[in-house]
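Hi,

Here is the structure I said I would pass on.

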Amino acid sequence: MLAVAALACGACDRQSPASGQAADAEKATDKPAPSVPLSGTLDISQRGKPAPDVSFNDPDGKPTSLAAFKGKPVLVNLWATWCAPCVVEMPTLDALAIREKDRLVVLTVSQDMANLDAIKPFFATNGFKQIEPFVDPENNLGFSYLTGVMPTTVLYDAEGKEVWRMIGGMDWNGTRAAALMEETLAKG
């Protein structure tokens, strides 16, 4: 358990500044770009792979799985309250969820193993309007994805097949994110 915690703490994305991405993101939206550069790495090596059949908890604490969300594209974001890039990208995920609510489900799934009582207050304090606090206290999704980095965000098509994953932070209001998602969202 100690080794898992050490791996998780050391795996939070520590990125170098992006070349102009923050400025591009600010121009593309009415909202200012995040203050921490978010320039995750795109990974398509798992394209077509079915969503993992593991459980995590919905905002009411009831077990659920990714299969429950089939029928619409799903963006799964693994994050933690102690991960700075995770926290920085959350408002952009909320904005994306609001903007694309008819075409996309955005699941923010906390990988916090301790400090579970801080997750709901974090959402309340930040006033998120669309995203909700899903929790994966046993890190089932994190272990399924095996990226070793948070945040990790995975896009699934409406049939539950992986399209791509973003390893590291991302400005979900930016043009890069919009371009990456458009083909999948257009298919519905």
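**What I found**

Setting aside residues within four places in sequence, Ser-65 makes contact with Val-54 and Phe-56. Ser-65 belongs to the loop that runs between β3 (63-64) and β4. With a relative accessibility of 18%, Ser-65 counts as buried, because the cut-off for that label is under 20%.

Before going further, please keep in mind that this is a predicted model. The mean pLDDT of the chain is 84, and 80% of the residues reach 70 or more.

**The overall layout**

The chain holds six helices and eight strands. Read from the N terminus, their order is α-α-β-β-β-β-α-β-α-β-α-β-β-α. There are 188 residues, and 46% of them count as buried. If you take the contacts in the chain with a separation of 6 or more, 72% are between residues 24 or more positions apart. The exposed surface comes to about 9,200 Å², and 55% of that is supplied by carbon and sulfur atoms.

**The cores**

Nonpolar side chains in soluble globular proteins tend to be buried together. So which residues touch the most other members of the largest nonpolar core here? They are Leu-75, Trp-172 and Met-181, in a core of 27 residues. Two or more residues each come from β4, α3, α4 (119-126), β8 and α6. The largest share is the five residues given by α3.

Leaving out neighbours within four places in sequence, its contacts include Leu-75 and Met-181. Trp-172 also touches Leu-93, Leu-96, Thr-153, Trp-164, Met-166 and Ala-177, among others.

**Helix α6**

Helix α6 covers residues 175-187, which is 13 residues. From first C-alpha to last, α6 reaches 19 Å, close to the 18 Å expected at 1.5 Å a residue. There is a bend of about 45° in α6 at Met-181. Which residues of α6 are buried? They are Ala-177, Met-181, Thr-184 and Leu-185. An α-helix has 3.6 residues a turn, so residues three or four places apart point the same way. The cover over the buried residues of α6 includes β4 (74-79), α3 (84-99), β7 (152-156) and β8 (162-170).

**Val-106**

Val-106 sits in strand β5 (residues 105-110). Is Val-106 buried or exposed? At 10% relative accessibility, Val-106 counts as buried. Not counting residues up to four places away in sequence, Val-106 touches Leu-75, Leu-93, Leu-96, Ala-97 and Ile-131. One of these, Leu-96, is ten residues from Val-106 along the chain, and their C-alpha atoms are 8.0 Å apart.

Most residues other than glycine have a negative phi, and most peptide bonds are trans.

- Asn-139 is not a glycine, yet its phi is positive, at about 55°. Asn-139 lies in the loop between β6 (133-135) and α5, and is buried, with a relative accessible area of 7%.
- Leu-146 also has a positive phi, near 55°. Leu-146 is in the loop between α5 and β7, and at 69% relative accessibility it counts as exposed.
- The peptide bond from Met-150 to Pro-151 is cis, with omega near 0°. Pro-151 is in the loop between α5 (140-145) and β7.

Have a look when you get a minute, and send me any questions.

Cheers

How values were computed:
Residues are numbered from 1 along each chain as its sequence is written. Side-chain values use heavy atoms; hydrogens and water are left out. pLDDT is the predictor's confidence in each residue, from 0 to 100. Helices (H or I, at least four residues) and strands (E, at least two) are DSSP runs, numbered from the N terminus. Buried means under 20% relative accessible area, exposed over 50%, partly exposed in between (1.4 Å probe, protein chains only). Contact means heavy atoms within 4.5 Å. Accessible areas come from the Shrake-Rupley method with a 1.4 Å probe; for residues, only the protein chains shown count as cover. The expected span of a helix is 1.5 Å times one less than its number of residues. The bend at a residue is the angle between axes fitted to the seven residues ending there and the seven starting there. A nonpolar core is a set of buried Ala, Val, Leu, Ile, Met, Phe, Trp, Tyr and Cys residues joined through side-chain atoms within 4.5 Å.
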